[in-house]
Amino acid sequence: MKKLMIGNAAIARGAYEAGATVATAYPGTPSTEIVSNFAQYEGVYAEWSPNEKVAMEVGAGASIGGARTLVAMKHVGVNVAADPLYTFAYTGVNGGLVIVSGDDPGMHSSQNEQDNRGYGRFAKLPVLEPADSQEALDFTRMAFNLSEEYDTPVMLRVTTRLAHSQTMVEEGERTDLPLKDYEKNAAKYVMLPGHARMRHIEVEKRMLKLGEYAETTPLNSIEWGSKEVGIITSGVVYQYVKEVLPEVSVLKLGMTNPLPQNLIKSFAEQVDRLIIIEELEPVIEEQVKSWGIKVEGKELFSLLGEYSPEMIEAKLGQAKPVRSYGLDKEIPARPPLMCPGCPHRGVFHTLHKMKLAVMGDIGCYTLGALSPLDGMDACICMGASIGSAMGMEKARGEDFASKTVAVIGDSTFVHSGITALIDVVYNQGTSTVMILDNDTTAMTGHQEHPGTGMTIRQQATNKLDIEGLVKAVGVKNIRIVDPLNLVELEATLKEELNRREPSVIITKRPCVLLDKIPNTVKYYVDEELCKGCKLCLKVGCSGIYFIEEDKKAVMHASCVACGLCPQICTFDAIKKVEG
Amino acid sequence: MQSQTTDILIVGVGGQGTLLTSRIIAQVAVQLGYDVKVSEVHGMAQRGGSVVTQVRYGKKIYSPIIKKGEADVILAFEKIEAARWLDYLKADGMVIINNERVNPLPVMSGKAKYPEDIHEKVAALVEKTVVVDATDIAARCGNVKAANVVLVGILSQAIGLPVEEVEKAIRAIVPGKALEVNQEAFREGRKLLEQTV
């Protein structure tokens with residue numbers, strides 16, 4: 001029986017059906033649900049790795065050890081995993097290995113919109129691109145076969161719209177495969193220059209063979225319509241083309257690296273006008289043009305953002321004029337914000353108040369950059385806060401460093417903050433680093449990590465001692481504070497910023513979505529005492545709002561009584577409901 | 001089975017439970033034998049941002065996202081979100097607005113005003129506008145969190161989904177302990193539109 005599945009669940013199902021027994025990942029939107037779904041199956045191993053590089057390395061080891069292995073991450077995670085990935089492309093596999101890259105055109109939840117099909121060409125990997133959940137399942141199964149047949153890791157490239165759309169899926173049976181034999185083979189797996197030179201020859205041979213495979217594989221197919229226009233497309237964009245241009249001929253590429261040169265040439269010869277529609281980079285277009293084929297692409301469609309059916313219709317179809325009510329222009333924007341009771345809110349309120357330069361990092365707390373908190377100066381990528389604070393200090397001196405903090409979450413610190421902290425100590429920086437420990441990987445939906453003491457299957461394991469780790473790298477000044485205690489937080493910051501030595505302040509309080517504050521406490525605003533100064537609004541919390549007509553603040557039903565705004569009100573107007 | 005496609009846009013604020021509503025509606029469409037696609041929002045926007053979930057069903061569905069000017073129904077969990085997405089509504093489409101105000105950041109920080117009368121503006125522009133107090137109804141049923149299922153009741157009535165199929169889908173999707181409150185919330189929502197239209 002068919003059922004609805006998001007693309008990510010279908011990928012997990014495909015890996016399970018293909019007989020995969022190992023899956024690794026670091027959570028990252030839009031890829032998170034792949035391995036969390038895989039972990040629900042019996043008789044398989046799944047892990048949240050500390051970061052994508054480790055995920056890739058564990059995956060490589062499992063593959064060399066003979067298991068079919070799934071490795072999943074978001075697009076920028078592939079950057080972290082790139083070092084092992086490029087060389088694993090040389091060694092090839094034993095058990096099949098599929099690496100999923102969750103790309104995010106439109107940056108729904110990301111810091112850039114890089115097109116990871118580029119990795120396919122750069123690292124010499126076959127790349128498959130499914131267009132719905134059924135294909136996500138089927139292509140994942142095929143990818144494992146391809147991986148073993150051509151002795152290569154295979155990249156399955158999906159986008160947010162594929163990963164998080166539910167479409168109908170027919171499940172199949174799992175193929176239980178015996179673990180492949182493992183034999184020591186240093187020439188294949190030890191990448192010394194002498195061995196790697198030999199392996200590079202194999203890589204190039206493999207790419208030629210895969211090019212031949214691409215010509216005939218059912219992954220690439222032509223749907224003939226009118227020959228006036230021929231469209232080459234891949235992934236979810238195929239669905240938009242079918243939606244708005246039902247009459248055209250379509251060459252749908254399920255495999256976008258290597259490309260089927262002859263198939264594309266033959267398609268091009270048979271249509272009057274050839275157009276390539278691909279989100280983000282002209283990966284297909286540039287190759288097709290290099291073969292001397294006349295084609296339109298990026299002169300019609302943007303390099304930026306996510307595509308939509310109406311975008312394609314506007315360029316190539318019969319777009320009906322859409323009436324605009326114009327109301328969307330009248331209303332305020334609604335960017336994401338921290339939840340009521342979020343332990344990060346008090347931190348950014350304090351940093352902003354103290355006028356510090358804040359080198360930020362990736363997580364819910366990146367939202368501390370938005371007004372009214374305005375508590376961040378820079379944020380580049382996972383783990384960048386500590387290194388960039390160190391760089392600021394080396395550029396601008398210790399006085400500037402005494403007004404600079406690095407802010408990083410617990411999961412992000414484990415992911416890639418540790419080595420930068422080692423650098424601070426080793427190269428005699430004086431940075432003050434705040435580790436905002438909320439005991440989870442919150443932004444991606446509360447995944448466990450080494451610091452939570454729980455595995456992906458919610459089984460107890462060793463709990464990484466973050467404080468002990470910080471001490472071990474050589475930081476002498478370590479402070480633990482409650483981020484909801486603003487007086488203590490500010491005093492601690494002042495002390496540590498003034499110290500001409502590295503300091504780490506660990507703020508400890510679990511994510512409010514996990515650790516609900518008991519509903520027994522409630523706050524109200526005393527109308528007599530409230531002077532309408534709006535100071536309480538400076539924390540940017542949806543739990544308190546202001547009524548302009550009355551010039552008074554009022555608590556909102558979403559308040560969880562964290563006790564932050566009462567500490568900010570200078571008139572003591574926010575009071576606990578007694579009893 | 002109807003031959004044309006039904007397009008439903010469910011909009012709201014991250015954390016309001018739009019996903020559950022879309023999953024119930026989609027499940028009903030599956031039960032009725034339609035091809036179904038649902039586009040969801042995960043990740044950063046779920047933290048209090050403007051979110052949109054799209055449900056499409058019919059004989060054959062290609063795109064998981066709805067074109068502007070094509071939605072049969074916009075179901076808004078929050079007032080200004082109805083206005084934000086209104087251009088997606090088709091000419092004779094219906095807007096269902098939950099009379100709930102959630103201040104966005106620019107309002108909290110005093111940089112913008114919340115347009116209190118926005119649902120009246122929508123009603124003046126769109127003939128088929130229904131404004132409901134789903135949160136109050138859910139509270140009367142025993143849990144404010146069931147507001148999304150009150151809205152399922154209204155929506156399913158608006159697009160003519162059979163009551164027994166929706167109840168079946170709710171039983172399949174809503175966790176056991178919350179089921180009773182949710183079933184009550186669904187029935188109350190269903191009644192509401194019968195009275196309004």
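**Figure 1. An open sheet of 5 parallel strands in chain A.** In this predicted model, the strands of the sheet follow the order β14-β15-β16-β18-β17 in chain A, and their pairing is parallel. Look to the edges and you will find β14 (357–359) and β17 (477–481) of chain A; each has a single partner strand, so one side of each has no neighbour in the sheet. From one strand to the next, the twist averages 25°.

**Figure 2. Where β17 of chain A meets β18 of chain A.** How many bridges join β17(A) to β18 (residues 503–508) of chain A? There are 5, and the two strands run parallel.

Figure 3. Helix α16 (residues 384–396) of chain A lies across β14, β15 (404–409) and β16 (432–437) of chain A, and its direction is at about 170° to β15(A). Helix α20(A) lies across β15, β16, β17 and β18 of chain A, with an angle of about 170° to β17(A).

**Figure 4. Helix α15 of chain A against helix α20 of chain A.** Two packed helices are described by the angle between their axes and the distance between the axes. For α15 (residues 344–353) and α20 (residues 486–498) of chain A, the angle is about 50° and the axes are 10 Å apart. The two helices are therefore oblique to each other, and α15(A) passes α20(A) in a right-handed crossing. On the α15(A) side, the contact is made by Gly346(A), Val347(A), His349(A), Thr350(A), Leu351(A) and Lys353(A). On the α20(A) side, it is made by Leu486(A), Leu489(A), Glu490(A) and Leu493(A). Sorted by class, the contact of α15(A) with α20(A) holds 5 nonpolar, 3 polar and 2 charged residues.

**Figure 5. An open sheet of 7 strands with mixed pairing in chain A.** Strands of a sheet pair through backbone hydrogen bonds, either parallel or antiparallel. The order in this sheet of chain A is β3-β2-β4-β5-β7-β6-β12, with mixed pairing. At its edges are β3 (45–48) and β12 (255–257) of chain A, each of which pairs on one side only. Further in, β5 (residues 97–103) and β7 (residues 154–159) of chain A run parallel and are joined by 6 bridges. Which residue in β7(A) is the bridge partner of Ser101(A)? Look for Arg157(A). Helix α4 (residues 75–91) of chain A packs on this sheet, where it touches β4 (69–74), β5 and β7 of chain A, and its direction makes about 140° with that of β4(A).

**Figure 6. Helix α1 of chain A against helix α6 of chain A.** Helices α1 (residues 7–17) and α6 (residues 133–149) of chain A pack at about 35°, and their axes are 7 Å apart. The crossing of α1(A) past α6(A) is right-handed. Gly7(A), Ala10(A), Ile11(A), Arg13(A), Gly14(A), Ala15(A) and Glu17(A) make the contact from α1(A). From α6(A) come Ser133(A), Ala136(A), Leu137(A), Thr140(A), Arg141(A) and Phe144(A). The residues of this contact between α1(A) and α6(A) divide into 6 nonpolar, 4 polar and 3 charged.

**Figure 7. Helix α10 of chain A against helix α13 of chain A.** In this pair, α10 (residues 237–244) and α13 (residues 309–316) of chain A pack at about 50°, with axes 9 Å apart. That angle makes α10(A) oblique to α13(A), and α10(A) passes α13(A) in a right-handed crossing. Val237(A), Tyr240(A), Val241(A) and Val244(A) of α10(A) meet Pro309(A), Ile312(A) and Glu313(A) of α13(A). By class, the contact of α10(A) with α13(A) has 6 nonpolar, no polar and 1 charged residues.

Figure 8. The peptide bond from Thr29(A) to Pro30(A) is cis, with omega near 10°; Pro30(A) sits in the loop between β2 (22–25) and α2 (33–38) of chain A. A cis peptide bond also joins Ser371(A) and Pro372(A), with omega about 10°, and Pro372(A) belongs to the loop between β14 and α16 of chain A. Lys534(A), a residue other than glycine, has a positive phi near 70°. Look for Lys534(A) in the loop between β19 (523–525) and β20 (544–547) of chain A.

Terms used:
Residues numbered from 1 in each chain as written. Chains lettered and ligands numbered in written order. Predicted model: local features only at pLDDT ≥ 70, side-chain atom pairs only at ≥ 80, totals over all residues. Heavy atoms only, no water. Axes fitted to C-alpha atoms, helices over the stretch in contact; angles between N-to-C directions. Helix = DSSP H or I, 4+ residues; strand = E, 2+ residues; numbered from the N terminus. Parallel < 35°, antiparallel > 145°, perpendicular 65-115°, else oblique. Left-handed = near helix turned anticlockwise from the far one by under 90°. Contact = heavy atoms within 4.5 Å. Nonpolar A, V, L, I, M, F, W, Y, C, P; charged D, E, K, R; others polar. Pairing = 2+ DSSP bridges.
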